[in-house]
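Here are a few notes to read alongside the model. Have it open on your screen as you go through them.

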Amino acid sequence: MDNFEPKIVAFCCNWCSYAGADLAGTSRMQYSPNIRVIRVMCSGRVSPLFVLKALSVGADGVLVLGCHPGDCHYIEGNYKTMRRIPLLKKMLKQLGIEEERVRLEWVSASEGAKFAEVANNFTQTIKNLGPSSLGPSKQSSKEARHGQT
Amino acid sequence: MAKLKIALYWAASCGGCEIAVLAIHEKILKLAEVADIVFWPVGMDFKYADVEKMPDKSVDVCLFNGAIRNEENEHMAHLLRAKSKVMIAYGSCAYEGCIPGLSNFYNRQLTFDRAYIETPSTDNPKKVYPQTKVKVPEGELELPELYDTVKTLAQTVDVDYFVPGCPPEEKTTWLALEALIEGKLPPKGTVISHSIKAVCDECPRKKEEKKVKKFYRPYEIIPDPERCLLEQGLLCYGIATRGGCGALCPQANMPCTGCYGPVEGVIDQGAHFLSALSSIIDSNDPEEIQKIIDDIPDPAGTFYRYSLPDSLLRRARIK
Amino acid sequence: MKKITIDPITRLEGHGKITIFLNEDGSVANTYLQIPELRGFEKFCEGRPAEDMPQITQRICGVCPEAHHMAATKALDELFHVEPTSTAKKLRELLYSAFYVTDHTTHFYILAGPDFVMGPDAPPAERNILGVIAKVGLELGVAVINTRKQNHWIIQTVGGRPIHPCFGLPGGVSRAINEEERAKIEEIAKSSVEFAKLSLKVFDDVVLKNKKYLDMILSDTFTHRTYYMGLVDKSNKVNFYDGKVRVVDPEGKEFCKYAPREYLEHIAEHVEPWTYLKFPYLKKVGWKGFVDGKDSGVYRATPLSRLNAADGMATPLAQAEYEKMYSTLGGKPAHYTLATHWARLIELLYAAERLLELSRDPEITSPNIRNIPTATPDEGVGIVEAPRGTLTHHYITDERGVIKKCNLIVGTTNNYAPLFMSIKKAAEDLIKPGVKITEGLLNRIEMAWRPYDPCMSCATHSLPGQLPLEVTIYDAQGNELKKLSQGIP
């Protein structure tokens, strides 16, 4: 699709990758506007549920960005992410969602350029894949029950 | 005091929940003293037309088990909701979709192709498929339409309470029935069980530290009878499953499979288990992690074994 | 054409609908039994690890989950090329025997028994377990509840859970039993044998000694001459858990005998567009439609079929009853559908005796319950006798043991064509021009399918006892002509 503009959600950890994204911005680096950043304190905070939720409400791709292994502000958080995301991707594949729609990358606070590169690269990947087959879904029954959104 | 009017119905289910109601054994006499069963296709010969004749809200409580798989199931869900003051999703099928929900990995066409064409014992050279309306020499016959996607009861009608389990164990069933009989029902939307915590809370096995370097299939090892099964590398779902069953399966040396649904407050049981399981993988090396993950042959089917229709994604996407 | 619809039929596992088309003169033109549901196990099991199959497939039926669990576990043994330990086999058969005791008890007393014990013409208000108890005594009702409760305790102790057990693994079972449990099982088995003997006495007193019922059993309306199928051991005696499948022709001669992995040479399934369920038939005879006889591939797989297909029972008390039944019915094979209730009680006795035998086996408390498979899995077939008929599970996996293909032929499915034929014949014989369609008549049509024990238990003590039934008659334009109902407030 020629004018398909992917909607991409990027979960960025406060101490490293969010700062890296900030740096890209303040350095006036060009990167694709398709990225919607959501700041979390640690990439370890990114439950698989967040990724599924993003996909189910219409994200075409999800980025999870954290500190380099060994540099996590909370010591171990990003190791947990390192284990979760591959397992999540394997499960998504079984559910008919291409593994390439979810990506885990390490971006430090000083890597503004890397952030921009990842953003552009991932946007292109998603453009090639096309829109996700998940439209915005109705609220799941559980959300309706617990009043959560 | 007038007797309670109770209706029981099964949609796409196996009948285990009907047996589960009987599993209260002698307590059934107590129930019979205070309640009349006005509709129960498995045990009584009331027909759909009888339900249609009932005034709205004349049934005090409907115990509805089974998932919503075809138009007949859906019709009955709406009908019984209208006729009942209280609607209870009884058992895992009505609550989360349960095993019939695994059909959401596929769709109706793929299911039909397998059942009516591909299976090796099927003799169907003309490729006949079941139809919703069929002309026979004497007239016309109808079948209810099968849906592509299995739904839960709450995705179809407003549900007041949930009784978890596949099927609910005797004490869980009685907890719900006793609340009904005594008029002491909890707040609307409650999942009725003795526990809001995970199965681990009830499990007598010794828990030390959860660090797993390899996951095993249950037939590959004979586990230590005293120690936590998850720690021994079996995919025990207890950490992400609501308790109240008494942790029966781990006590039979088999890992919990997750049939009581998610722990209180959890939206997507499969995602929750995935997250917890990943945390205990004992490695920080990407290649080693990948190898450990490869030990799990069917993540989606294992994590969403009972809860696929109730998950955030509800079904697999099929190209 | 006028159309009578019974929807849904009740006291059946799952859903079913009967449609009777009437000619202008009021005689029956044709009768259809439609099954309006399909869950799709044969498809959604693809991609699942094979060791999950005992637990997934047992959710096909919550009344006989043990049957699926067992067929699946046996299929896994073959799939993984692993032989279960001797103790494991015995534990499996022990659990299976206890399961048969609960299931056959439930069916006879709560589901179909009232038709016989109270009689087809008894007032609907009495045609239920309450009526049975009133007629035969409260003590019996208590015995029914206790027998079920105690045998479900055995299922939970050996299998992990009372409904949907979890103990089956390729090469064995997950849990051994200790001496205390064994002793309790032995006590329960002893009282189950007594209970089975009592049940046969009830049947004798209430049914066999009543000429009207005996005539009904032997009447042509409820008779079909078909092939009969059942699992037999090496001496051709009935065995629920293991053996080869034996089929005899309508004259009782052995037609074929096959090991589980040969089932595809013998069984095929026919499809009709007006129902979701398929019709198995004998491949070597062929599908000739819904007809009886040696030239039709229709076969039955019920308790009576099992007794017809075997040369006897493997335990002494059941064997004596077996001989008594055939001498009463005039020899083997017995074609009387209603005699299935009698055969079921003989099986109840055999199951209890077998339970007792196994509980006394010196190996039964051994801790040696698992052999670990070492071979690469590929393909396996497991067959057991479900209470409702021969049950076949067939799995093909990849080298990791993940299911690629799965085929299931389930107990009641074997009997779909015979069910259809039994209902049709009863309708044709009973609904004749000028005959008033009464609730007793409708009940007799229902009695034609109940012996097959469609897979569900029912009843609580609060059964109202009426047979609420509504029959709507439409004319050729679909206008409602008449509505008959009973027991509907």
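In which sense do strand E6 of chain B and E9(C) pair, and over how many bridges?

1. Some ground rules: this is a predicted model, where local features need pLDDT of at least 70, side-chain atom pairs count only at pLDDT 80 or more, and totals for chains, interfaces and linings use all residues. Residues are numbered from 1 along each chain as its sequence is written, while chains are lettered from A and ligands numbered from 1 in the order in which they are written.

2. Back to the strands (DSSP E runs of at least two residues; helices are H or I runs of at least four, both numbered from the N terminus). E6 (residues 122-123) of chain B and E9(C) pair in the parallel sense over two bridges, and pairing takes at least two DSSP bridges. Look for B:Thr122 opposite C:Glu269.

3. Now zoom out to the contact, which takes 81 residues from chain C and 76 residues from chain B. Contact here is C-beta atoms, placed from the backbone, within 7 Å. Among the elements of chain C that each supply at least two residues are helix H6 (138-159) and strand E9 (267-270).

4. In chain A, helix H1 (residues 17-26) and helix H4 (residues 112-129) pack at about 90°, axes 7 Å apart. Axes are lines fitted to C-alpha atoms over the stretch in contact, with angles from 0 to 180 degrees between N-to-C directions. H1(A) and H4(A) are therefore roughly perpendicular, a label for 65 to 115 degrees. A:Ser17 and A:Gly20 are among the H1(A) residues that meet H4(A).

Notes:
Angles under 35 degrees count as roughly parallel, over 145 as roughly antiparallel, 65 to 115 as roughly perpendicular and the rest as oblique. Two residues are in contact if their C-beta atoms, placed from the backbone, lie within 7 Å.
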